[in-house]
Amino acid sequence: MADYREMWKELGMDVETHDQLCEVLPMAFTDVYLSQKNRPENMGYFDFVVSEIHGVRPAELVKAQKENGTKVFGTFCVYVPDEVIFAAGGIATGLCGGSQFWVPGGEKVLPTNTCPLIKASVGARLDGTCPFFKIADMYVGETTCDGKKKAWEILGEEVPMHIMDLPQMKRRKDYKAWSEEIVEFKEKVEEFTGNKVTEENLAASIKMINDKRRALERLYSARKNKNIPISGKDSLLISQIAFYDDPTRFTEMTNKICDELDKRVEEGVSVFESGTKRILLAGTPLAIPNWKIHNIVETSGGAVVCEEMCTGTRYFERPVDETQTTLEGQIDALAERYMGINCACFTPNNARIDDIIRLCKEYDVDGVIDVNLKFCNLYDTEGFLVERELKKAGIPVLGIETDYTDSDVQQLRTRVGAFIEML
Ligand code: BJ8
């Protein structure tokens, strides 16, 4: 990695502790990623972004702040409409933590039985070991799960925090409430950036983010083929980078790899042996660098062909309606699109089960692994209905619960291996 120590120091990071992360991450990446055979050539860009994850993009954000007075907004959930931020000349960046490295820092202030995603996110900020958490001028939280809601109160003491009140049901009045919440968010963003959101700049940012969604849709479509041209691990990496990268460049690079994948499909190239079992992962998100389950599946005779996750289909399916010409119409279109995401924080949430069954057909899936991050009660509880309905639909399913540690890897390997064998 190039030397970014000066920038990290300037950001007030704990550079010595951060060095330890810089030492282990490349090793993990080499083991999990670079050991794969026949990777698409255009993964080179995404490999580069990961190898410089705390350097190259943070440096761009700092430059935009210093040279143009750009405001950076850190977000934690796929319900937060990035379009509003970009329309006002801001930059949105994902902040969810996916490494065990940050968990102990979170545990200093949070109950141990909090999900690792929340503990890692809080730890990354309090320990000063992630540049993105230091760079963000404002954090945008939401009222999804209880753990996050309380975490905002702790993080809000560190950084200006705006919280979006997400409804938990999907009645007409809830859609209306979410529209109003987006209007309030728009006003907050306008005040913070000093820029107005107009029909024109919002239309442009809706198109920009839709283009990103369409590129991801293309990537996922390639995985529907009998010959799978890209591993689940590589696809996951692209999905994870989508949360951080410059959206226009990301779209361009994703379309570029999709051109290569189309060619592979035409030529019948697969990265898996024929007959490899096709697995869909459903459940809680896999924030970077959480590659654990994909790695286990793909080194146990399976191929991950789809993720019904926020680092997956929940992030990109269904673009925002681009035909609206008034600000009001555009905001309603945003509310409509975002309320269409099916997170377990909603009740009832049958549409998520319908989604999983639909995706199983679209991706010609042999079996589903329902993944739950330890202590996420929402997805854990919903797992009962998900697994029951999948069984009813004749789709084999394995429910697993895990965290960011390596302590359960052997045990998971045995269970996942046995599941794949039985398919
Ligand atoms: S839309 S999944 S990104 S809330 S895993 S922190 S729910 S205790 S991340 Fe999420 Fe938005 Fe839903 Fe997606 Fe809480 Fe569960 Fe942890 Fe979670």
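Student: Where in the chain does Thr311 lie?

Tutor: A residue is placed by the elements on either side of it, and in this predicted model Thr311 lies in the loop that runs between β6 (302-308) and α15 (313-316).

Student: Does Thr311 count as buried or exposed?

Tutor: The general idea is to set relative accessibility against a cut-off, buried being under 20%. Thr311 has 5% relative accessibility and therefore counts as buried.

Student: What does Thr311 touch, leaving out residues up to four places away in sequence?

Tutor: Its contacts, counted in that way, are Tyr220, Leu236, Ser239, Gln240, Phe243, Pro285 and Leu286.

Student: How should I read the second largest pocket, and which residues lie nearest its centre?

Tutor: One begins with volume and then turns to the lining: the second largest pocket holds about 560 Å³ of space, and of its 22 lining residues, Ala28, Pro289, Trp291, Tyr404 and Asp406 lie nearest the centre. The largest share of that lining, 7 residues, comes from α2, while α2 (15-34), α14 (292-298) and α19 (409-422) each supply at least two residues. By class, the lining divides into 12 nonpolar, 6 polar and 4 charged residues.

Student: Which residues come nearest the ligand?

Tutor: Of the 16 residues around the ligand, Cys115, Cys145, Cys310, Cys343 and Cys376 come nearest, and the shell as a whole comprises 12 nonpolar, 2 polar and 2 charged residues.

Conventions. Residues numbered from 1 in each chain as written. Predicted model: local features only at pLDDT ≥ 70, side-chain atom pairs only at ≥ 80, totals over all residues. Heavy atoms only, no water. 1 Å grid on protein atoms, 1.4 Å probe; cavity = no way out; pocket = protein on both sides within 12 Å on 5 of 7 lines; lining within 4 Å. Points joined across faces, edges and corners; volume = space filled by probe spheres on them. Helix = DSSP H or I, 4+ residues; strand = E, 2+ residues; numbered from the N terminus. Nonpolar A, V, L, I, M, F, W, Y, C, P; charged D, E, K, R; others polar. Buried < 20%, exposed > 50% of the residue type's maximum accessible area, 1.4 Å probe, protein only. Contact = heavy atoms within 4.5 Å. Near = heavy atom within 4 Å.
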